[in-house]
Amino acid sequence: MRRLPPQHAEENLASLVALLPDLTEELLNSVDQPLKVQTCAKSGKEYLLCEYNRDGNSYRSPWSNEFTPPLLEATYPSSKLRKLELTANEAFDTYRELYFEGGVSSVYFWDLDPGFAGVVLIKKGRMFGFGDGSRRMKGAWDSIHVFEVQEKGGRNAHYQLTSTVMLYMVTNKPDLGHMNLSGSMTRQAEQDCVVEDPSMHVANIGRMVEEMEIKMRHLLKDVYFGKTKDTVNDLRSIESLTKMRKQRDMQREIASKLQERLPKEQSE
């Protein structure tokens, strides 16, 4: 699944579930899908849907802490963790606006015994329109950061982070043709941090997510865009064929002149 275009992950996953219905729950929990956006009916704010805020066919809003559609029995974070979850959502909402200048972010926490876990979700998508009313270019950045926190004795805590970034860009223009550049990347990190009060968990998690996103962004730039640029430059040339032939002829002439001088210099 990780080798397939992320924008088709939902269709491919549905096909797998149809073939292997006994593994439905395992597949849904293990396969990362592009994030979907939903609006909270109570707060009016947008939030992201994933497996970590799903209960059956309902999804919990991080702003109102309510499920849509409503559930009679559902699992919620403890009151202490819910307070931390709200703080994290406000913090990452600011982070998303500063780094991505748009998009949607959501943070979800859940209790563990001992410790707690959570996920930070960020989605930035864009589609470009043209004067004729067509929309021929689209792209999206989906980042999923799953973390686990285990508090040690004293003022220390151990953090484990697993980050996945799904990136795709599709263009379809008459002068450029159709291009689909897409892929995903997963990285892990562990770190021990000082925790003087519960709110420092948000700062520590935020620092790890920020460092991981910067690292993965550079890797994506070098691997996907860098390699694609090199390939295109090898296949196509901006300069005319006549100019390139002249340059090659000049290079051959200079090389031959240098070879003629070498025997003379050696004999002297």
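Buried, in this talk, means under 20% relative accessible area. Keep that cut-off in mind. The model is a predicted one.

Start with Phe-109. Its relative accessible area is 3%, so Phe-109 is buried. Phe-147 comes out at 4%, so Phe-147 is buried as well. Their ring centres are 5.6 Å apart and the planes stand at 90°, so this is an edge-to-face pair. Phe-109 sits in strand E6, residues 104–111, and Phe-147 in strand E8, so the pair ties together parts 38 residues apart in sequence.

What does the backbone nitrogen of Phe-109 lie 2.8 Å from? A polar atom of the Glu-85 side chain. Glu-85 belongs to helix H3. Its relative accessible area is 0%, so Glu-85 is buried. Beyond its sequence neighbours up to four places away, Glu-85 touches Arg-60, Pro-62, Pro-77, Val-107, Tyr-108 and Phe-109.

Back to rings. The count is 7 aromatic pairs. One of them is Tyr-95 with Tyr-99, tilted, 4.7 Å between centres and 35° between planes. These two are 4 residues apart in helix H3, about one helical turn. Tyr-95 is buried at 10%. Tyr-99 is partly exposed at 37%.

Last, the largest pocket. It holds about 450 Å³ of space. Its lining has 20 residues, with Phe-100, Lys-124, Ala-140, Trp-141 and Leu-167 nearest the centre. Elements giving two or more residues include H3, E8 and H4. Which gives the most? H4, with 6 residues. By class, the lining has 12 nonpolar, 3 polar and 5 charged residues.

Technical notes:
Residues numbered from 1 in each chain as written. Predicted model: local features only at pLDDT ≥ 70, side-chain atom pairs only at ≥ 80, totals over all residues. Heavy atoms only, no water. 1 Å grid on protein atoms, 1.4 Å probe; cavity = no way out; pocket = protein on both sides within 12 Å on 5 of 7 lines; lining within 4 Å. Points joined across faces, edges and corners; volume = space filled by probe spheres on them. Nonpolar A, V, L, I, M, F, W, Y, C, P; charged D, E, K, R; others polar. Buried < 20%, exposed > 50% of the residue type's maximum accessible area, 1.4 Å probe, protein only. Polar contact = N/O pair within 3.5 Å; in protein donor to acceptor, adjacent residues only side chain to side chain. Contact = heavy atoms within 4.5 Å. Phe/Tyr/Trp six-rings, centres within 6.5 Å; stacked < 30°, edge-to-face > 60°.
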